[in-house]
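Let's take a friendly walk through this model together. Keep the sequence and the 3D view at hand as you read.

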Amino acid sequence: MKYRIKTKSLDSAKLERDALDFLESLKHDKAKRKAASEDGISLDAFDAYVQRSPDSRLIRIEPDSAGIAPGVIELSLIFAPVIAQIVQDIWTHLILPDLKRRYGEDSIEEV
């Protein structure tokens with residue numbers, strides 16, 4: 001998945017930190033868990049995976065070959081395939097909308 005960052009207040013490192021913070025909070029935040037459920041995302045496999053591998057990095061976001069922000073970043077999902085679809089759904093339905101609310105609707109776009 002590739003996205004273009006369109007705001008100077010956001011770079012790939014901050015985006016990754018925000019995404020990882022969101023995933024961390026998803027472990028305990030009832031409102032976020034409810035939102036996931038309402039979007040049809042089952043967190044059972046997510047919960048089991050993070051319980052088995054609490055120190056694993058669920059998502060990595062890297063700049064493209066140019067590495068210049070604003071620019072294109074690649075969202076790399078780096079974990080077992082069983083959890084990949086769940087984290088991709090969490091990114092699409094929860095994390096990305098949250099980032100757009102905080103940084104502006106046009107701050108990041110899929111390319």
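The sections below cover the basis of the model, its charged pairs, a strand pair, the rings and one glutamine.

## About the model

This is a predicted model, in which local features need pLDDT of at least 70 and side-chain atom pairs count only at pLDDT 80 or more, while totals for chains, interfaces and linings use all residues. Residues are numbered from 1 along each chain as its sequence is written, and side-chain values use heavy atoms, with hydrogens and water left out.

## Salt bridges

The structure holds seven salt bridges (a side-chain nitrogen of Lys or Arg within 4 Å of a carboxyl oxygen of Asp or Glu). One of them joins Asp47 and Arg33, with an N to O distance of 2.6 Å. Asp47 lies in helix α3 (residues 44-52) and Arg33 in helix α2 (residues 30-38), so this pair ties together parts that are 14 residues apart in sequence. Helices here are DSSP runs of H or I with at least four residues, strands are runs of E with at least two, and both are numbered from the N terminus. Asp47 is partly exposed at 24% relative accessibility, and Arg33 is partly exposed at 23%. For these labels, buried means under 20% relative accessible area, exposed over 50% and partly exposed in between, with a 1.4 Å probe and protein chains only.

Helix α2 also holds Glu38 and Lys34, four residues apart, or about one turn of the helix. Their side chains form a salt bridge at 3.6 Å, N to O, and both residues are exposed. Lys27 and Glu24 meet at 2.8 Å, N to O. A network of salt bridges links Lys14, Asp18, Asp98, Arg101 and Arg102.

## A strand pair

Strand β1 (residues 2-5) has Tyr3 and Ile5 on its covered face, and Lys2 and Arg4 on the uncovered one. Strand β4 (residues 108-110) runs antiparallel to β1, joined by three bridges (strands pair if DSSP finds at least two bridges between them). Ile5 has Ile108 as its bridge partner in β4.

## A charge over a ring

Lys32 lies over the face of Phe22, 4.4 Å from the ring centre. To count, NZ of Lys or CZ of Arg must be within 6 Å of the ring centre and within 35 degrees of the ring normal.

## A look at Gln85

Gln85 sits in helix α4 (residues 81-103) and is partly exposed at 45% relative accessibility.
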